[in-house]
Amino acid sequence: MDQLTVPFLDLKEVNARFRGEFVVAIKEVLDSGWYILGKKVKRFEQDFAAYCGVRSCVGVGTGLDALSFIIKAYGFGPGDEIIVPANTFIASALAVSANGVTPVFVDPDEGTFDVDPSKVEQAITQRTKAIMAVHLYGQACDMDSLNAIAAKHGIKVIEDAAQAHGTRYKGRRVGSLGDAGAFSFYPGKNLGALGDGGAVTTNDPVLAEKVRALANYGSRRKYVHEEKGYNSRLDEVQAALLSIKLPTVDADNQYRQEVADYYRSHINHPAIQLPGEPQTPGEHVYHLFVVRSPRRDELQQYLLERGIQSLIHYPIALHRQEAYKEFSNVSLPIAEKLAKEVLSLPISPVLSQESMDRVVTALNAWQD
C-alpha cells in the first residue's frame with residue numbers, strides 16, 4: 001500500500017488557519033477566570049442565532065444533547081412516536097429513544113439521500129408527535145413538503161442540522177426551517193470546535209428557555225431546580241473558538257461546493273454513481289461528497305492502496321443496528337441498499353488541487 005497521501009479530512013490543517021486567533025482567545029478565557037456560561041458563550045449564541053436567522057440559540061454539550069433536549073422540552077415520552085430516516089448517524093435515533101419515544105424508521109429518497117416525504121406521510125399514526133428532518137451530507141430536506149405534512153397532522157418538525165451548517169433552502173438557512181433545529185460542533189463538522197459541542201436554534205422563546213434549563217440541571221435560578229435536568233453546557237473555550245470560525249463558514253462551504261463541482265465534472269466511471277445535482281445551486285454545503293458503487297468495499301480498498309482515504313457513512317442502516325434489534329423485521333430496501341453502496345470521498349476547505357486530481361485519476365482508472 002502507498003503511504004497515505006490524501007487523508008479523508010486533515011483537521012490539523014483545517015484549524016492551523018486559526019492558530020494565532022485561537023491562542024489569543026484561549027488566553028482571554030484563562031485570564032477571565034470564568035469558564036462556564038460566560039460572555040464567550042453568550043456572544044456565540046447571539047452570533048449563531050443571527051447567522052441561522054432565528055430568535056434564539058442555546059449552546060449545549062453535544063449535538064445529541066441538542067436533539068434530546070428539544071424532544072424532552074416538548075414533553076414527548078413513552079407512547080409517542082417520532083419519524084426518523086433510517087440512513088443517518090445513530091444520534092438521530094438515540095435522542096428519540098433516550099426520551100422513551102419510539103423511533104419510526106422510514107426510507108430516504110434515493111436521489112437526494114434525504115428523508116422521502118411520501119414515506120413520512122405513510123408512516124404517520126395517531127401517536128406521531130414529530131418528524132425529524134435530517135439534512136444529510138449537507139443538503140436540506142424537502143422542507144416545504146415536510147412542513148405541509150406536519151401542519152396537516154398537527155405535529156412538530158425537528159431539524160437535525162448536524163451536517164448542514166450554513167445550508168440554505170430557498171434562501172433560508174437550516175435551523176430556521178422547522179420548529180427547532182439541532183447542531184453539532186464535533187471537530188469534523190463544517191463548523192467544528194476542538195472538542196464536543198452543540199446548539200439548539202428556534203424562534204420559540206418558551207422552547208429555548210426550557211432547553212436552557214434542562215441543560216443546566218433543570219435550573220433557571222441557582223440552586224432552584226424546577227425539573228430533573230442534565231449537565232450539558234457549551235463551555236467558554238469552545239464558544240470562543242467557534243466565534244472565530246463562524247465568519248469563515250460560508251467561504252469554506254463555497255470551497256466545498258467547488259470541490260464537489262470538480263469531482264462531478266471529472267469523475268467518469270460507469271460503475272461509480274455520482275450524487276445528484278442539488279435542485280438549487282449553492283444550497284448544498286457538502287459536509288460529505290458521497291458516491292455509490294455496487295462494489296463499494298473493493299473500491300475503498302483500491303483507493304487505500306493508492307494512498308487515498310475514504311469513509312463509509314453509514315455501513316448499517318439504523319433499523320439493522322444491534323441497538324435497535326427490535327426493528328430487525330422492518331424492511332427498508334432503499335436504506336439497506338445505500339448502506340452497501342455509499343462511499344464518502346475526501347472533501348474539506350483545505351483539500352488541495354493535487355489531492356483532488358489524485359482522487360479523480362484513481363477513480364477513473366479503477367478496473368471494476
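Tutor: Let's start with a definition: a residue is buried under 20% relative accessible area, exposed over 50%, and partly exposed in between. Keep in mind that this is a predicted model.

Student: Thanks! Why is I26 called partly exposed?

Tutor: I26 has a relative accessible area of 32%. You will find I26 in helix 2, residues 19-32.

Student: What makes I26 part of a nonpolar patch?

Tutor: Patch members need over 30% relative accessible area and no salt bridge, and nonpolar side chains are joined within 5 Å. The patch on the surface is formed by I26, L30, W34, Y35, I36 and L37, with about 600 Å² of accessible area together.

Student: And I71, is that residue buried or exposed, and how do you know?

Tutor: The relative accessible area of I71 is 0%. Buried means under 20%, so I71 is buried. I71 sits in helix 4, residues 63-73. I71 and A130 are 59 residues apart in sequence, with their C-alpha atoms 8.9 Å apart in space.

Student: What makes K170 and D144 a salt bridge?

Tutor: The rule asks for a side-chain nitrogen of Lys or Arg within 4 Å of a carboxyl oxygen of Asp or Glu. For the side chains of K170 and D144, the N to O distance is 2.4 Å, so the pair is a salt bridge. This pair links distant parts of the chain, 26 residues apart: K170 is in the loop between strand 6 (168-169) and strand 7 (172-173), and D144 is in helix 7 (residues 143-153).

Student: Why does K170 count as exposed?

Tutor: K170 has 58% relative accessibility, and exposed means over 50%, so K170 counts as exposed. D144, at 41%, counts as partly exposed.

Student: How many salt bridges does the structure hold?

Tutor: The structure holds 21 salt bridges. Among them is R296 with D297, whose closest N and O atoms are 2.7 Å apart. R296 is buried at 5%, whereas D297 is exposed at 52%.

Definitions and conventions
Residues numbered from 1 in each chain as written. Predicted model: local features only at pLDDT ≥ 70, side-chain atom pairs only at ≥ 80, totals over all residues. Heavy atoms only, no water. Patch = residues over 30% accessible without salt bridge, like charges linked within 9 Å, V, L, I, M, F, W, Y side chains within 5 Å. Areas by Shrake-Rupley, 256 points an atom, 1.4 Å probe, with all protein chains shown as cover. Helix = DSSP H or I, 4+ residues; strand = E, 2+ residues; numbered from the N terminus. Buried < 20%, exposed > 50% of the residue type's maximum accessible area, 1.4 Å probe, protein only.
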